[in-house]
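Visitor: I'm new here and would like a quick tour. Could you show me the structure and take my questions as they come?

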Amino acid sequence: MSDAAGLDEMLRFGTIASLDLAAARCVVEIGDVLSTPIPWIEQRAGKTSTWSPPSVGEQVILLCPGGDLAAGVVMRGIYSDAMPAPGNSLRELIRYKDGAEISYDPETHALEVNLPDGANVTIVAQGGIGMIGDLYVSGTIHASDDVVTNGISLKNHKHAGVQAVAAQTSAPL
């Protein structure tokens with residue numbers, strides 16, 4: 001086997017044919033050949049870990065030690081005509097199948113989350129959420145308990161100088 005043939009056996013281009021999400025494995029189509037289920041390389045797989053399965057039809061490279069396809073691992077993230085790059089600037093972007101996007105533009109210092117109609121966001125932070133800066137809201141804000149601003153409870157505040165029904169009350173105490 002020549003060195004060039006050896007490299008051809010160790011590095012192979014293919015496309016994802018199917019996924020086994022429970023096993024974190026995929027089958028890759030290389031021409032007429034299908035691999036056995038093999039793992040893909042993830043961004044992180046230690047104490048910090050990520051989960052972003054490849055897509056069926058995504059172009060990949062197989063790294064096959066010694067040319068053994070069954071021992072291969074899949075390296076993802078190769079744009080193709082079928083799955084082109086979602087951007088063309090320094091703005092970093094994650095685009096999901098349903099159209100949701102998370103992006104950050106380091107030139108304008110802007111983080112954006114755009115979700116499709118019907119989508120929602122849930123943030124669970126048992127210790128609370130701290131925010132520095134102005135908050136602009138378009139729509140209704142619902143609170144299940146109380147709203148407190150500058151120490152004044154919306155639910156339990158008192159008014160001084162309450163008079164007849166047509167009169168206005170003073171500011172909260």
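Guide: Let's start with a term: buried means under 20% relative accessible area, exposed over 50%, and partly exposed in between, using a 1.4 Å probe and protein chains only. This is a predicted model, so local features need pLDDT of at least 70 and side-chain atom pairs count only at pLDDT 80 or more, while totals for chains, interfaces and linings use all residues. Residues are numbered from 1 along each chain as its sequence is written, and side-chain values use heavy atoms, with hydrogens and water left out.

Visitor: Is Cys-64 buried or exposed, and what is its relative accessible area?

Guide: Just apply that scale. Cys-64 counts as buried because its relative accessible area is 2%.

Visitor: Why is Cys-26 too far from Cys-64 for a bond?

Guide: A disulfide is a covalent bond between the sulfur atoms of two cysteines. The rule here asks for a pair of cysteine sulfur atoms within 2.5 Å. Cys-26 is buried too, at 1% relative accessible area. Its closest cysteine sulfur is in Cys-64, and the bond is ruled out because the distance is 11 Å.

Visitor: How many disulfides does the count come to, then?

Guide: Cys-64 is in no disulfide, with the sulfur of Cys-26 as its nearest cysteine sulfur. By the rule, the count comes to zero.

Visitor: How much space lies in the largest pocket?

Guide: On a 1 Å grid over the protein atoms alone, a pocket is an open set of points where a 1.4 Å probe fits, with protein on both sides within 12 Å along at least five of seven lines; lining residues have an atom within 4 Å of a point. Points are joined across faces, edges and corners, and the volume is the space filled by probe spheres set on them. For the largest pocket that gives about 1200 Å³.

Visitor: Which element gives the most to its lining?

Guide: Of the 28 lining residues, those closest to the centre include Tyr-79 and Arg-95. Strand E5 (73-78) and strand E6 (92-95) each give two or more residues. With four residues, the top contributor is E6.

Visitor: What is the phi of Asn-150 near?

Guide: Most residues other than glycine have a negative phi, and most peptide bonds are trans. Asn-150 lies in the loop between strand E9 (148-149) and strand E10 (152-153), and counts as exposed at 79% relative accessibility. Its phi is positive, near 55°.
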